[in-house]
Amino acid sequence: MTLGAPVYLLALLAIPLVGAAYLLARKRRRRFAVRFPAAAVLARVAGGQPRWRRVLPAALLAAAAAVISVAVAKPQARVAVPVEKASVTLVTDESGSMAATDVSPSRLAAAQSAAQTFLGRVPGSLLVGFVAYSTQVDAAVEPTLAHDDVRAALQGLQADGGTATGDALNAALDRLEARRGKDGKTAPAAVILLSDGKTTEGGDPLAAAQRAKRLGIPVSTVALGTDGGTVPGPQGQLLAVPPDPATLQEISRITGGTFTRAADAGQLDGVYKKLGSKIGVRHVRREVSSSFAGAGLVLLLGGLGTGLRWRGRLP
């Protein structure tokens with residue numbers, strides 16, 4: 001939290017001065033009681049009060065003064081607000097290597113679960129699109145507020161074929177580039193690209209990354225799997241299917257996105273949770289003086305009320 005007008009915090013210096021005046025007044029009352037013993041005896045007969053009842057009203061008033069001083073200093077908090085017409089497209093590899101079980105229960109199942117987690121965390125106002133690919137682009141969902149359409153597409157993924165990462169990234173960019181804001185410019189957008197292997201088909205993914213950079217669309221990439229991942233070959237032999245983190249990291253570097261290597265389902269789920277809490281919002285500073293003023297008013301009323309009820313006067 002920051003303060004827009006911190007100079008008003010100088011008002012806090014008045015609190016110890018008032019406290020000192022309060023203690024001085026109490027001492028004067030004690031001297032009066034010593035000079036007039038009959039009055040002191042009468043006060044004791046009327047019934048004394050617990051110490052906390054004598055102290056609480058003054059403490060509440062002091063707290064009220066402190067909180068109201070902070071309110072006048074214009075406190076500002078950093079809050080996340082949805083970005084108007086923002087959209088994100090999930091680009092998910094469903095090539096044959098996604099059947100590897102080095103990520104439990106399989107790379108593909110882990111990717112589906114993490115993407116579902118992502119959809120559960122993003123703002124409802126965020127447009128979400130989807131591209132699934134293997135040897136070619138297999139499925140595409142235009143950016144939409146109907147997130148259930150993306151969930152349905154995720155459930156239909158099947159691990160098979162090669163890896164055309166460049167073509168899939170271009171397919172996502174085609175859909176995001178077509179969207180325009182009120183000013184005619186490309187609306188705020190981002191891509192999350194998950195792949196577990198090297199490109200074997202289609203265009204160059206780094207060329208697609210350069211296009212994303214020109215459009216101002218960051219691509220956050222996730223390299224899924226371990227170097228020890230294998231899938232059965234056509235003759236029953238095991239084929240090594242290590243991820244390609246170097247290419248994915250370069251894509252994220254070119255476009256200004258983030259890169260993560262996920263070797264297990266828990267890590268992948270954490271990556272998508274984090275991305276889901278960031279994409280589609282921007283952080284702005286909002287003045288929260290009213291909250292402090294409200295709290296100060298409650299404390300002030302509490303101090304006045306307890307003082308009048310228990311002592312018949314203000315502290």
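Good morning. I begin inside the sheet: Leu193 has Thr221 in β7 as its bridge partner. Strands here, like helices, are DSSP runs numbered from the N terminus (E, at least two residues, for strands; H or I, at least four, for helices).

A word on the source. This is a predicted model, in which local features need pLDDT of at least 70 and side-chain atom pairs count only at pLDDT 80 or more, while totals for chains, interfaces and linings use all residues. Residues are numbered from 1 along each chain as its sequence is written, and side-chain values use heavy atoms, with hydrogens and water left out.

Let me stay with β6 and its partners. Strand β6, residues 189–195, pairs in the parallel sense with strand β7, residues 219–224, over five bridges; to pair, two strands need at least two DSSP bridges between them. Ile192 has Ser220 as its bridge partner in β7, and Ile192 in β6 is also the bridge partner of Leu90. Between β3 and β6 there are six bridges, and these strands run parallel.

How many residues of β6 are buried? Seven of the seven are, so β6 is largely enclosed by the rest of the structure. Buried means under 20% relative accessible area, exposed over 50%, and partly exposed in between, with a 1.4 Å probe and protein chains only. In a regular strand the side chains alternate between the two faces of the sheet. In β6, Ala189, Val191, Leu193 and Ser195 point one way, Ala190, Ile192 and Leu194 point the other way, and all are buried. With helix α7, residues 205–215, β6 and β7 form a right-handed β-α-β unit. Right-handed means that, with the strands pointing away from the viewer, the path from the first strand over the helix to the second runs clockwise.

I turn to β4, residues 127–133, where seven of seven residues are buried. Strand β3, residues 87–93, pairs with β4 in the parallel sense over seven bridges. The chain passes from β3 to β4 through helix α4, residues 107–121, in a right-handed β-α-β crossover. Val131 of β4 has Val91 opposite and also stands opposite Ala140 in β5. Strand β5, residues 137–144, runs antiparallel to β4 and is joined to β4 by five bridges; the hairpin between them passes through three residues.

In the loop between α4 and β4 lies Ser125, which is partly exposed at a relative accessible area of 38%.

The whole sheet is open and has six strands in the order β5-β4-β3-β6-β7-β10, with mixed pairing. β5 and β10 (259–262) are at the edges with a single partner strand each, so one side of each has no neighbour in the sheet.

On a 1 Å grid over the protein atoms alone, a cavity is a set of points where a 1.4 Å probe fits but cannot get out, and lining residues have an atom within 4 Å of a point. The largest cavity holds about 40 Å³, the volume being the space filled by probe spheres set on the points. Its lining consists of Thr165, Ser195, Gly197, Thr199, Pro205, Asp244, Thr247 and Leu248. Thank you.

Definitions and conventions
1 Å grid on protein atoms, 1.4 Å probe; cavity = no way out; pocket = protein on both sides within 12 Å on 5 of 7 lines; lining within 4 Å.
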